[in-house]
Amino acid sequence: LAEIDAQIADTNAHALGQEFDKLQTELDGLKASQEEGKQQRSELFSERSRILKALDQLWDEKRRLQDEHRRQNNEYYQWQQEERKRKAHEEKQRRIQEQREKRLAIAQEQREEAEIPAFEDEINGCESLIIYLRSVGSAAAGGSPAGGRSEGSSRPSSVASSSNDHAPAGMVAIKRSTDEETYFAGSVTPKGKRRNGRKDRKSGSAADVLKLPLAVAERFLDLQIELPTTSASIPSTVEKLVAKKKYFIENQGKVTEENKRKAEEKIAKLMAELEVDEKIATSA
């Protein structure tokens, strides 16, 4: 019995040993597979970590590029705003300078005009008419017709032929010829009236009628002096011209200074307006 038990035990032990070895082999295989899985898992985790790290680096690079792009955009926008402000300022300064130069030119022009002696043209006109009438009077006294050829050289060539519609009051246009100027002469008024209080009709005769070129007649009108209608009225007209010239000469200095004063007042007002406009433009 003991031997049988020993045999049974040996048989069971051998079978169990084989089973154990088989199981141990399987367990070792599982452990090896597990180790291999762990190794692969570790490698996968490492790969994932590497990929995540690479992604983080890419995200960081993206954020850096976005920040750089935003910074450059902000810098460009700021530069653009400053450039617009600079151009607007330059344009404003250019307009202010143009206005200043324009008003300074106006002021200079007004000052130069005021520096011109007053009545200069009127004085020259009086002198020219005095010389002209005296030459006409001398020619008439010498026997030449008052409006004859002797005064042809004194007539401006710009005086054209015209009708009575353009004649001054109290004068009538006399047509001498197609190639000569229109002269103005004293007209004989109706109802038997006489000029200068003379009662004999010889004063209205063609020989005594004073004929004046249109330019000369206009000069008399500018000076507001009555036109001489006959040779006999020349001396009184000359006296009026002399008196008029004397008045202009005596008042020339006073009127010139008054013109200067008015011009300086206008210039001061102009410059004050310019300063106000510049303040408004610079503060806008």
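The side chains of Glu47 and Arg50 meet in a salt bridge at 2.2 Å, N to O, where a salt bridge is a side-chain nitrogen of Lys or Arg within 4 Å of a carboxyl oxygen of Asp or Glu. This is a predicted model, in which local features need pLDDT of at least 70 and side-chain atom pairs count only at pLDDT 80 or more, while totals for chains, interfaces and linings use all residues. Residues are numbered from 1 along each chain as its sequence is written, and side-chain values use heavy atoms, with hydrogens and water left out.

By the salt-bridge rule, the count comes to 22. Glu47 and Arg50 both lie in helix H1 (residues 2-115), 3 residues apart, or about one turn of the helix; helices here are DSSP runs of H or I with at least four residues, numbered from the N terminus. Asp60 and Arg63 in helix H1 are likewise 3 residues apart, as are Glu83 and Arg86 in that helix.

| Pair | N to O distance |
|---|---|
| Glu47 and Arg50 | 2.2 Å |
| Asp60 and Arg63 | 2.3 Å |
| Glu83 and Arg86 | 2.3 Å |

Accessibility is classed as buried under 20% relative accessible area, exposed over 50%, and partly exposed in between, with a 1.4 Å probe and protein chains only. Asp60 is partly exposed at 42%, as is Arg63 at 41%. Glu83 counts as buried because its relative accessibility is 18%, whereas Arg86, at 36%, counts as partly exposed.

Beyond these pairs, Glu91, Arg94, Arg95 and Glu98 are linked in a network of salt bridges.

Methods:
Helix = DSSP H or I, 4+ residues; strand = E, 2+ residues; numbered from the N terminus.
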